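Here are my notes for a colleague who is opening this structure for the first time. Please read them with the model in view.

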Amino acid sequence: MIRELLLEKHEPIAIVGAGLRFPGGNESLRDFDEFLAKGQSGIRPLPESRRHMLTGSDPEDAQPVIGGFLDEIDRFDAAFFNISPREAAYLDPQQRMVLETTWQALENASIPPGAWRHREGGVYMGVSSFDYALDTAGVRAEEVDGYIGTGLSHSSVPGRLSYLLGWRGPSISVDTACSSSLVALHLAVQGLRNKECGIALCGGVNLIHNAVSNGALRAANMLSPDGRCKTFDDSADGYARGEGCGVLVLKRLSDAERDGDAVLALVRGTAVRQDGESAGLTVPNGQAQEQVMGAALAAAGLEPGHIQYVEAHGTGTPLGDPIEMGSIAALFAASHDKAAPVTVGSVKTNIGHLEGAAGMAGLVKTVLQLQAGKFYPHLNFERPSGRIPWDRYPVTVPTGELTWEGTPRRALVNGFGFAGTIATAVLEQAPAHCAGPAPDEHAESSDRHPGTDGERVHVFTLSAKNDRSLRSQIRRYQQFLTADAPPSLADICFTSHTGRAHHKVRLAGAVASREELAQLLDRRLHSAGASPVGGARKAAFLFSGQGSQFSGMAAALYRRFPVFRERVDECDRILRPLTGRSMRDMLVGADDHGDDIHRTRYSQPALFCLEYALAELWTDWGVRPSVLVGHSIGELVAATVAGVFSLEDGARIAAERGRLMQSVSAPGAMAAVAVAAEEIGPLLGPYDDLALAAINAPDQCVVSGGSRSLEALLEDARRRDIRVKRLPVSHAFHSPLMAEVADEFRALFEGIHCRAPRLPVVSALTGKVVRASEFADPAFWVRHLLEPVDFLGAVQAVERRGTHAFVEIGPSASLISLARRCVTRNDHVWAASSRAGDEDGATIDQAVAGLYMAGLSVDWAAYHRGTTHRRVDLPTYTFDRKRYWLPSGTGPAPSASPGPLPEAPPAAALEEESKAVAPESAGWPADASNGAINEAIRRELVAILRYQDVEDIEPDADFASLGLDSLTAVSLKNRLEQVFAVSLPTAVAFEQSRIDLLAGSIRSLLISPSR
């Protein structure tokens, strides 16, 4: 108990991910690390788009504004975050930047943003500037919108994140001025240690675009005339304003170790205090600063001697710098000296003072230095300040890159607010064992097929909300693959699966090398047209019949996939006593008499074993079928998978079925005949012992019966120029000859309990969904021996249920080859699970890639079960940004952007304006098409949500993705009632979640108004 309490109080907090957007074009840890190591500066003149911030009657004569500015702060990917253009215009760009940067941080941590939905995730955000609120002074009264409240509120910065992610832990905005983001870190650490949340986001944001706020700071003489922070230099004369955003992803160290997260650094302790009484509200207090640093060390269980570096607040003011350096010197006076000084630097010399986000910038810089084992150059330090007694202080300031001596590396990061709230954090280098999950000696090699020299196939995935973003990401990956020492292909693919959200516009492929991956990317980038959007929301499992089996048909699957292996072993334990042979050995090719698998008494239970295990494997991967179809013995497996039979009973039926069918004494044979079913009658007429055995396709049937009669029929067919092929089978299945064992097979079902199916099974006997009562009738199963397999009818019945991804559950692709010929639509997807000659299971990898492309969800953690992988740093999402700003408020001029991206129209709020463009209608005709109704709904959404065109909205888009909320949903209901002259429920947009579904409901109302 004492140990748990101490752990709760002092457990290190792991930084497992970081996202940033800092001056100097820095948008990734890699970029910022290189920028700092080279001693670069992100300070520059005010961007031309913000010339409105210049003060004075003549902007040409105004005092220049220099600082750490970002580009395109007016641009945002609203659609990505399900925010309508109307709302986006009233959204403080600081909120927008936090959304994008947080997404980047979670991707950097390889944590899919949806992974913690409905769980205790905490959000702590530092934000203090309010330029957008000041900009609203220019908004006309008639343009004020209801979104302006949530759009401007600082509480919405974390609140919108929690809403987006579905997190239910603390969600807190912090405004302590320049210490805001460090105080946010302090609260996040407390939240994690107190078990208020299991994961936390903390960060800070600051944007500069209003002349009033900038002018106020200049009037207070806080800003440096030359726009540089000359921290600790004799020329220090004020700070340079900077803007940007930084977000960290945090977990308790024990949780990060459990989850196999790569840890960037540790937060050992934090503290928050106040200056209290000083020479003025904005004047620092050296004693208080020393106390807060000491308190942070105490919280970490450390002493000053354990620290080698201090990331100073260091704004570059002649008053603040000497006070802070004095407090640092006092803290380290007893533990350090001139021979072994503590190193002090400030990132503000590189990018300016990010105010509410300043602490994040200092933290990220320190994390990068901890990882590199280097101190990066502190800029603008040419003449040490004469106000600091350097000869007496045990400190040094690095003007070039220096090696970080000492192990473990530890640092303090300071953040001081101008109203007196001060904060310090203690960071430590990550433990060596936290680079990722440890290898599992029992797991399969990630890259190579056991026993071979070749690299096996891996499935690569990439997705986006639209085609432009997908293509942009492809370009990033192309650059990534050409970098020095890219990660292994296995790790790249693993991270692309488990460390990213999966959107509707997708690219996927089974590749065996980085070169093949590069080719896949290049083909997609240079292909014509938009990326396909998966439309197969449902899967249909097709269970193979006898004839597709071969020895060793499950060897690769058994070796690679634990769930498949467990199910095969389970079936084998049941079947071995019934058959006298090991089905597992036959499936993996370890049986001494491999050809025996073609004997019916073994082939049927072996297929049952394989197909049951395959269905369980696909289901474990999240591919859950909406309908099942089986061909002959495959229908028995389908019924077992559907829960009609227990596994024990299903396996026993399969074993007995095979034994009985092989025991038939009458000599028989089977043949494929290339004619339609309705044309087979004249051929069968003269023969009493022949029958139609299967209808496999519109132009392919199978005939079965007595050997002599069948040979005569084949001769007759050849004379008629009908293609025929005798099948390599031992008996005449699905023919009158099977009547010999019908009674014994019927008796088998007397002791078997049937349950109602959990999944619909379309029978290849009837071409319809089987009722529970039919499954329970032994006569139904006896008919399977005697009557034809209507595979054509079964597949056509499935097609009538809509677009499907057809997955063959069997050892070959024979069924999907037939099924393709049975359908009329061209939007189905086809996937085989295995093929002869596939020695490493590449077929199922290709199937996974195809189903992913089709839009089906895959449980990637289950797919990778039993393998060893490491999450690696991959390129992050490329946002498709457009301009959004207040309709007539002051702000940046439209910024240039590569590519023909349209600007969002100005958002106007008045509902009267919306009504002005609403079409007047006395109602629609009852025979109106779904397409016309759908387009009319989209026109209304364009008017309400301020999209540019109907084409911007997909016909099957869900309303939530468009940014429709309770406020605008009421407007949509009212407008649709006016357009269609129908009565709709108040929550119509939430009851019918997609446009196409709502269109169908409205069409039903037009046809039957009384409904």
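**Notes on the model**

1. Helices α19 and α23 are oblique to each other, and therefore neither roughly parallel nor antiparallel, where angles under 35 degrees count as roughly parallel, over 145 as roughly antiparallel, 65 to 115 as roughly perpendicular and the rest as oblique. Helix α19 covers residues 562-579, and its packing angle with α23 is about 40°, the two axes lying 10 Å apart; axes are lines fitted to C-alpha atoms, for helices over the stretch in contact, and angles run from 0 to 180 degrees between N-to-C directions. The crossing of this pair is right-handed, a crossing being left-handed if the near helix is turned anticlockwise from the far one by less than a right angle, and right-handed if clockwise. On the α19 side the contact (heavy atoms within 4.5 Å) uses Glu570, Cys571, Ile574, Leu575, Leu578 and Thr579, and on the α23 side Leu647, Glu648, Ala651, Arg652 and Ala655. By class these are seven nonpolar, one polar and three charged residues, with Ala, Val, Leu, Ile, Met, Phe, Trp, Tyr, Cys and Pro counted as nonpolar, Asp, Glu, Lys and Arg as charged, and the others, Gly among them, as polar.

2. On the basis of the model: it is predicted, with local features needing pLDDT of at least 70 and side-chain atom pairs counting only at pLDDT 80 or more, while totals for chains, interfaces and linings use all residues. Residues are numbered from 1 along each chain as its sequence is written, and side-chain values use heavy atoms, with hydrogens and water left out. Helices (H or I, at least four residues) and strands (E, at least two) are DSSP runs, numbered from the N terminus.

3. On confidence: pLDDT is the predictor's confidence in each residue, from 0 to 100, and its mean over the chain is 91, with 92% of the residues reaching 70 or more. Two stretches need care: residues 437-454 stay under 50, with 37 contacts beyond four places in sequence, and residues 897-921 also stay under 50, with 54 such contacts. Where pLDDT is low, the predicted coordinates should not be read in detail.

4. Helix α23 (residues 647-663) also packs with helix α22 (residues 633-641), their axes coming within 9 Å and crossing at roughly 170°, which means that α22 is roughly antiparallel to α23. Ile633, Leu636 and Thr640 of α22 meet Leu647, Gly650, Ile653, Ala654 and Arg657 of α23, a contact with five nonpolar, two polar and one charged residues.

5. Helix α15 (residues 467-481) packs against helix α17 (residues 514-525) at about 150°, with the axes 10 Å apart, so that α15 is roughly antiparallel to α17. Their crossing is left-handed, and the residues of the contact divide into seven nonpolar, one polar and six charged.

6. Which strands stand at the edges of the five-strand sheet? The order of this open sheet is β25-β20-β19-β27-β28, with parallel pairing, and β25 (761-762) and β28 (829-832) stand at the edges with a single partner strand each, so one side of each is left without a neighbour in the sheet. Two strands pair if DSSP finds at least two bridges between them; β19 (residues 538-543) and β27 (residues 804-809) pair over six bridges, with Ala540 opposite Phe806 in β27. Helix α29 (residues 791-799) packs on this sheet, touching β19, β20 (627-630), β25 and β27, and its direction makes about 170° with that of β20. Helix α31 (residues 842-853) touches β27 and β28, its direction making about 160° with that of β28.

7. Another open sheet has 11 strands with mixed pairing, in the order β6-β5-β7-β8-β1-β9-β16-β15-β10-β11-β13. Its edges are β6 (171-174) and β13 (395-396), each with a single partner strand, so one side of each has no neighbour in the sheet. Strand β11 (residues 342-345) pairs with β13 in the parallel sense over two bridges, and Val342 stands opposite Val395 in β13. Helix α12 (residues 320-332) packs on the sheet, touching β10 (309-311), β11, β13 and β15, and its direction makes about 145° with that of β15.

8. Two backbone details deserve a look. The peptide bond from Thr407 to Pro408 is cis, with omega near -10°, and Pro408 lies in the loop between β14 (402-403) and β15 (410-416). Asp721, in the loop between α25 (707-719) and β24 (724-726), has phi near 60°, a positive value in a residue other than glycine.
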